[in-house]
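Biologist: I've got a model open and would like to talk it through. Can we go over it together, one point at a time?

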2 protein chains.
Amino acid sequence: MKCPGFRFSAARAGIKERGALDLGLIASDRPASAAAVFTQNRVQAAPVRVSRAALERTGGVAQALIVNSGNANACTGARGMRDARRMVEGAARALELPADRVQVASTGVIGVPLPIEAIEARLAPMAAELDADGFAAFAEAILTTDRGPKIASRSVDFGGKPLTLLGCTKGAGMIAPNMATTLTFIVTDAALPQATLAEATRAAADATYNSITIDGDTSTNDTLLVLAGGAAGNDPLAPGLGEAFAPALEALCEELARALMADGEGVSHVVDVRVRGARSEADARRIAQSIARSSLVKTAIAGGDPNWGRVICAAGNAGVDLDPDALELFIGEVPLVRAGVAVADDGADARAEAVMKRPAYTITLDLHAGGEAAFALACDLSHEYVTINADYRT
Amino acid sequence: MKCPGFRFSAARAGIKERGALDLGLIASDRPASAAAVFTQNRVQAAPVRVSRAALERTGGVAQALIVNSGNANACTGARGMRDARRMVEGAARALELPADRVQVASTGVIGVPLPIEAIEARLAPMAAELDADGFAAFAEAILTTDRGPKIASRSVDFGGKPLTLLGCTKGAGMIAPNMATTLTFIVTDAALPQATLAEATRAAADATYNSITIDGDTSTNDTLLVLAGGAAGNDPLAPGLGEAFAPALEALCEELARALMADGEGVSHVVDVRVRGARSEADARRIAQSIARSSLVKTAIAGGDPNWGRVICAAGNAGVDLDPDALELFIGEVPLVRAGVAVADDGADARAEAVMKRPAYTITLDLHAGGEAAFALACDLSHEYVTINADYRT
């Protein structure tokens, strides 16, 4: 679990209880192309604002990332902005880098000031302890209510050279107290122009992270960051590089996103909602996301109830024109609706119920309006979700 | 509980179990101005399509409504359209009216054909039993999983003449099995031009029904219909009539909408989400609805947890530009956030918790960006919601 050119470390700053790892550091041996997708929420945490601004100033170059868990540094006003900058400047000093080349991220409780001195005190030791084998500890340090670290890697051959991609994610916080965050960090030794990396990152996020939904809310801190250091030594201007790299990045993101959703507390079913036969991919995606976000669909998933009326109703709520009399719906391979009405098969419901007992299955809606398709991931809205979120005391 | 010029009846057609009332009829002594707001869902039940087309053909004139509960006649294909027309034609024959003057509505399970012969057999007796005192039975006949009928009335003086408004609603179905429906029927003896009635109806729906949310889904059958028969004998072209009528209609709709939400199964708190200081009313409404629809806010309401980070995060997800550092937030009268950060008051959380034990309270978010305001109603996302929706078996 290495990525040539990158080193990692983790530490305890006492932000989380019980002495858990709560600080992580990534450093690249050289300036890396950097691309990020940040939360679309209009209330953005200080680290998101600081990191976005740094990428704008450098035109997409970064060489390090400092991240803390346990505290989101969100809704913390001017002090929060100052603290985020102090994290960046402290890490830059420890690594002897310009501050603009250091990205910063935070996840955890909202509205509480960071214990910034405790963090600063750990930065020099963390820089000294950077290790090519340190990714597992780094992946643990970013967790909040996750059940465990979620790591994935890919290797892709390009012109005889192996390119490595290594990433980790955290996210159970989406359904956990205090509206925590999806953080995803990916490093690669590929040498990539910034524009190529940015395009691949945006496409991978749209096809994966933006298509998963646990509760439909996006947090103040969501960040997906990709650093391409170039240690592989490939020609960054070789034709076909983007075409080789982008699918590997998307596959890596999909694996991480699925792991993130399955790790959600209270989640016992992960459902691929596939919409096909759409006039455009955007239409298909909007409908798939509307289905995946519907509370009524999600409680039906929790209860194992093949209540297809809810799926069609949620599809109709997506704001996309569709012909109700053309719809075809399957749960797993079991057809339940054809030409907009229930199939004449008394056994279909029982077979669909059996499918819905599986931990993972598909719901497929065919619009019969065109040739485009998209998917979204859905999960249960369960008693555990309510318990975790309602019974929490600030 | 009368409205001059209107008569009502109810009957049992065996659609609902245990012999409950499941058919309702409203008839006006004369052709009435009619205005309706139908579901925005792209999958619309047959009765919605038939009723909308009739209003288009007549230019907004109707004289009767036939409604059934227990079966939504949605996702029923060509047969469903035929059955909806048969309901209209049967009622028109029984009342000796042109079919275009009869509106039709349905609510209940999706995807099951109507028992149309049983309905047709009841239409002549229902016409014979029409009664000026029949509104309570009518209001009962439209219910599905509601705990009981929800009726409201208003009287408004216009130029010395009392104008009466009488309405009923049903809606617990929104959070009940099989994605049932909000139906609201209002009759008035006011004489109103169709355009005046349509404008008042649209405004009242926007300010009330469109601002309540139980689970964010709109059904295939949602209908709000207002019939203005004119028995009051007022001058329909008198200046100021619309200005007198519209507030009464909005107040009536608000009372019905609040009753509907409080009646939702699993609902133990109804919360006014008030957004003020917005640049436009539309901005304020989008933010209020985003807060009211957030699963994390709704579980916080269920748990009585003054988790203001979730409210601000949901506001940020509304897609409206806002200044996080200007936000001010109250639960009840307790200030929790000022200038975007937590107030320095250790007792605030405990006082907010006490507010959140009440069955009804307010959450107020001030954007400090302008002078416009709007509200939305929110309720719990509770264990009961999950139980009702997950454990139901089709």
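Biologist: How far apart are the mean positions of the positive and negative charges of chain A?

Modeller: This is a predicted model, where local features need pLDDT of at least 70, side-chain atom pairs count only at pLDDT 80 or more, and totals for chains, interfaces and linings use all residues. Residues are numbered from 1 along each chain as its sequence is written, chains are lettered from A and ligands numbered from 1 in the order written, and side-chain values use heavy atoms, leaving out hydrogens and water. Lys and Arg count as positive and Asp and Glu as negative, without His and the chain ends, each placed at NZ of Lys, CZ of Arg, CG of Asp or CD of Glu. For the 37 positive and 47 negative charges of chain A, the mean positions are apart by 5 Å.

Biologist: What radius of gyration does chain A have?

Modeller: The radius is taken over C-alpha atoms, and the globule rule is 2.2 Å times the number of residues to the power 0.38. For 394 residues a compact globule would come out near 21 Å, and chain A agrees with that at 22 Å.

Biologist: What share of the residues of chain A count as buried?

Modeller: Buried means under 20% relative accessible area, exposed over 50%, and partly exposed in between, using a 1.4 Å probe and protein chains only. Of the 394 residues of chain A, the buried share is 62%.

Biologist: Which elements do the buried residues of α7(A) pack against?

Modeller: Helices (H or I, at least four residues) and strands (E, at least two) are DSSP runs numbered from the N terminus. The buried residues of α7(A) include D283(A), A284(A) and I287(A). Contact means heavy atoms within 4.5 Å. The partners in chain A are β9 (270-278), α8 (295-303), α9 (308-316), β13 (360-366) and β14 (372-379).

Biologist: Why is α9(A) largely enclosed by the rest of the structure?

Modeller: Look at its buried residues, among them W308(A), R310(A) and C313(A). α9(A) is largely enclosed because its buried residues number 9 of the 9.

Biologist: Which residues is A62(A) in contact with, leaving aside neighbours within four places in sequence?

Modeller: A62(A) is in strand β3 (residues 61-71) of chain A, and is buried at a relative accessible area of 1%. Its C-alpha atom is separated by 9.1 Å from that of A228(A), 166 residues apart along the chain. The contacts of A62(A) are P31(A), A32(A), A34(A), R101(A), Q103(A) and L227(A).

Biologist: What is phi of N73(B)?

Modeller: Most residues other than glycine have a negative phi. N73(B) sits in the loop between β3 (61-71) and α2 (77-95) of chain B, and is buried, with 1% relative accessible area. Although N73(B) is not a glycine, its phi is positive, about 45 degrees.

Biologist: And A339(B), is that residue buried or exposed, or in between?

Modeller: A339(B) is in the loop between β11 (334-338) and β12 (341-342) of chain B. Phi of A339(B) is also positive, near 50 degrees. At 45% relative accessibility, A339(B) counts as partly exposed.

Biologist: Which residues does E281(B) touch, not counting those up to four places away in sequence?

Modeller: E281(B) belongs to helix α7 (residues 281-293) of chain B, and is partly exposed at 38% relative accessible area. The residues touched by E281(B) are E372(B), A373(B) and A374(B).
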